[in-house]
Amino acid sequence: MTYIAKPKLHHPALTKNSVGYTRRDYEGKISTLCAGCGHDSISAAVVQACWELDIQPHRVAKLSGIGCSSKTPDYFLGNSHGFNSVHGRMPSVLTGANLANRELIYMGVSGDGDSASIGIGQFAHAMRRGINMVYIVENNGVYGLTKGQFSATADKGSKSKRGIVNSDEPLDMIGMALLLGATYVARSFSGDKKQLVPLIKGAIEHKGAAFIDVVSPCVAFNNHAGSTKSYEYVRQHNEAVNRLDFIEGREEITADYAPGEVVNVTQHDGSVLRLRKLSADHDPTDRIKTMNYVQEHAAKGEVVTGLLFIDPSAVDMHEHLNTVATPLNQLTAKELCPGTPALERINAGLR
Amino acid sequence: MKQISAINDFVVKFANVNGSGSASANELFARAILRMGVPVSPRNIFPSNIQGLPTWYEVRVTESGYLGRRGGVDLMVAMNPQTWDKDVQEIQAGGYLFYDNSKPLPKSKFRDDINVIGMPLTEICNSTYSDPRQRQLFKNIIYVGALSALLDMDPAAIEKLFTEQYKGKEALLQSNFKALKLGRDYALQNLQCPLGIKVRRADNVGDKIFIDGNSAAALGAVYGGATVCAWYPITPSSSLAESFIGYCQRLRKEPDSGKARYAIIQGEDELASVGITIGAGWNGSRSFTTTSGPGISLMNEFIGLAYFAEIPVVLIDVQRGGPSTGMPTRTQQSDVLSCAYASHGDTKHVLLFPEDPKECFDMTAQAFDLAERLQTPVFVMTDLDIGMNTRLCAPFQWDDSKAYDRGKVMTYEALEAGADFGRYNDVDGDGIPYRTYPGTHPQLGAYFTRGTTKDRYARYSETGPDYVENVTRLLRKFETAKTMVPQPVLRQAKEPARYGALYYGSTSPAMQEALDVLAEQGIHVNAMRIRGFPFADEINEFIAAHPGVFVVEQNRDAQVKGMLVNEGQIDPKRLISVLHYDGTPITARFIVDHISKHIAAHTVVPIKTGRVSA
């Protein structure tokens, strides 16, 4: 656990991005999570992604539910508004926030208990609605904050720290996201920042429901032999399908992986994602094939990671609702109130 | 045989099968009487079902404008064999039974003390129409035609309504004219017209409008500037959200683009609906949800968050009987306690009590100002009786010069000028802090929203003093709310009165009538209508000024009485409950009966005169 305050002074030589911020400007409060917690690596990846994308921190709204994962928005983007809402209900709060102002970037941070157990309903419906958001599940298969109970993503047969073997089927969030219409679906590992940062960047750029399942080991309660969400297990079973290397118009992100075939994916808004494929038999723009691909590998005990699916023609909830371009929270009585003449006409029709 | 004789003062009840198209014919009948300048008060009594179950439509014709339910039936239009016996039983002695005599019924099915009017409706329909659906639908119009003759109504009023309704649909218009004439002519030629009860042209409707409370509240939300609505279907509130959709499509499109200046989401449940509402409120939109008691129960956890995190949201509760499989199509005022103190922890909420559609409009619009000014959930406590029945009320009014009160929102400019921003800092002493919208300023004004583990600058804190400071400030804020909610309305008796009566919401029309009836009986009662919670000081003063105060409510547990006792430290013995909770709207007869009996039982009768006085 980190309890020493970070020095506020920044090194003057720290590189600034094009909007004038150093990477430190994207940090938040000191994390109160356990030393080595996978979640802190995810926070660091969010910081890196936002800095690299030249996003002004205050243009992001961070929303979360309850649990260790849901505490993390306090630990990144300290100049963004954050909302630690109700257990399992972040998606609805994020939906409302997004409706009120379509111009901000919405980052929903949740955990496997928060999203797969208590929050499975809201997770599902947020995906269905195509809300323009980055939805990150920090997935450790365990309830950390209440000390080690299984969550709904714990694999069948995996062992808890107390030696109990889980007999329930795991809930497959990637499978559900694909089934429910998410238009950007990725999985990564908190221990693989090089893979994770571009995936977060891609998700931020994507206009639609972007879901990233990040396996993030719980060092306190789920990092032992017999766990399928431990650092060791995930490193051994990680099967990356591709590397998201480039984003059009942005600086190249170098990856230290062997080059493979490069695929350009043009999105609805004209932005281009460039994928370096590592697996020849996976097409990330085919939803049905991706579902099969992920399931086949899961059956072999492999955790498939990378950008698993992207719908380049995705549109978001606001397009479905045909809302005005101006954020709803900026409309005034002039635009909203029909006034007395209209009311007189209504009265006349009611006599 | 006795025949009830009355002009413009009687009750007609239609007993139908739901799904038979009777609802629109019955409403046509009510509207036609209105067009003759005579106030009516119709009520739907319907099952939680779409087709095949009994449904009733009760129209009180009331020249004096008493819009509460009267009780008793003068003319029964018995169109449902399933409920025949009960319907016949309900008619007052000397009253009238109108029925379809296409098939003969045994004498035992009738009563001796009522007047029976048979008309072969099915026969007429079968000989006129070949299509089964037409036979069914026009049967309803045919009986309206017959009633117009029996009650001496002006057929031109009905024809004018048809003309308005079927503008541009000539074929439909003509076929309705035909059916109406068919019924009317048959009655004039074969039945004794008119009956002892009659409609006579009057001028008592004036500029009043005829609308249901749910539509009125929806329109109030449009005028009040709501941009986000999230809801989940539940009787009796669904039509509120659906009206909002309709009004927004008419009134809220951006002129050039046709794009929506609103966003409406049908949530997957009530939890999501209130969550969406809270998210939008947090982000600076005026947002609301509409539901009924079971929905409020589901929303409880979120309501507490909104209270402690101080997020403006409006919740419209169209009350009904509980629980979820309770009396969804019957009216009650039984959610008052569960809304006033909704959620876990120490919470209390602002409630508004509209009496009719006019106040549904006014108070819903006002609720958005209150929610943003007070940064808290605000509940509009309507009910099925107001919400789902068309009611005559004052026309809607709007002051175009009035700006929305967006409350204390710290702007980019204020932050830039160096304002000290503490999200939960009571700078003005009224308990209301400043808030910022997300995205306001690159470096200043951002904060992390959470429940109560925070200090006045929204920094994480679990310390006792910070907690106490925060929740004590919320009490100060509730005091501030007291002066902002709609204030009570006093109706002073014409003569000095020992007794007072408190009432609220949909009890209002029955109460007005009851007070008049009581006064005629020499029982004078001062009355005060509660319109908001927290209760205004005036309500406590009213109680203090009377040795006994009736509290008239439509719930079993005297919910508002309990709140008055707790919040005002009032001796419960001073408050006398008058409680009506069978799911039907309260009547003046019920109130008069309870109040007069209580007063009679507690009045000392001087031996010399023997005269009972109040």
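Chain B holds an open sheet of six strands with mixed pairing, in the order β3-β4-β2-β5-β6-β7, where strands (E, at least two residues) and helices (H or I, at least four residues) are DSSP runs numbered from the N terminus, and two strands pair if DSSP finds at least two bridges between them. Its edge strands, each pairing on one side only, are β3 (40-45) and β7 (115-119) of chain B, and the twist from one strand to the next averages 15 degrees. At one end of this order, β6 (residues 91-100) of chain B runs parallel to β7(B) and is joined to it by five bridges, with B:Tyr99 standing opposite B:Gly118.

Residues are numbered from 1 along each chain as its sequence is written, and chains are lettered from A in the order in which they are written. Because this is a predicted model, local features need pLDDT of at least 70 and side-chain atom pairs count only at pLDDT 80 or more, whereas totals for chains, interfaces and linings use all residues. The pLDDT, the predictor's confidence in each residue from 0 to 100, has a mean of 96 in chain B, where 98% of residues reach 70 or more; for the complex, the predictor gives an ipTM of 0.94 and a pTM of 0.95.

The contact between the chains (C-beta atoms, placed from the backbone, within 7 Å) takes 47 residues from chain A and 53 residues from chain B. On the side of chain A that touches chain B, α3(A) gives the most, with eight residues.

Key:
Contact = placed C-beta atoms within 7 Å. Axes fitted to C-alpha atoms, helices over the stretch in contact; angles between N-to-C directions.
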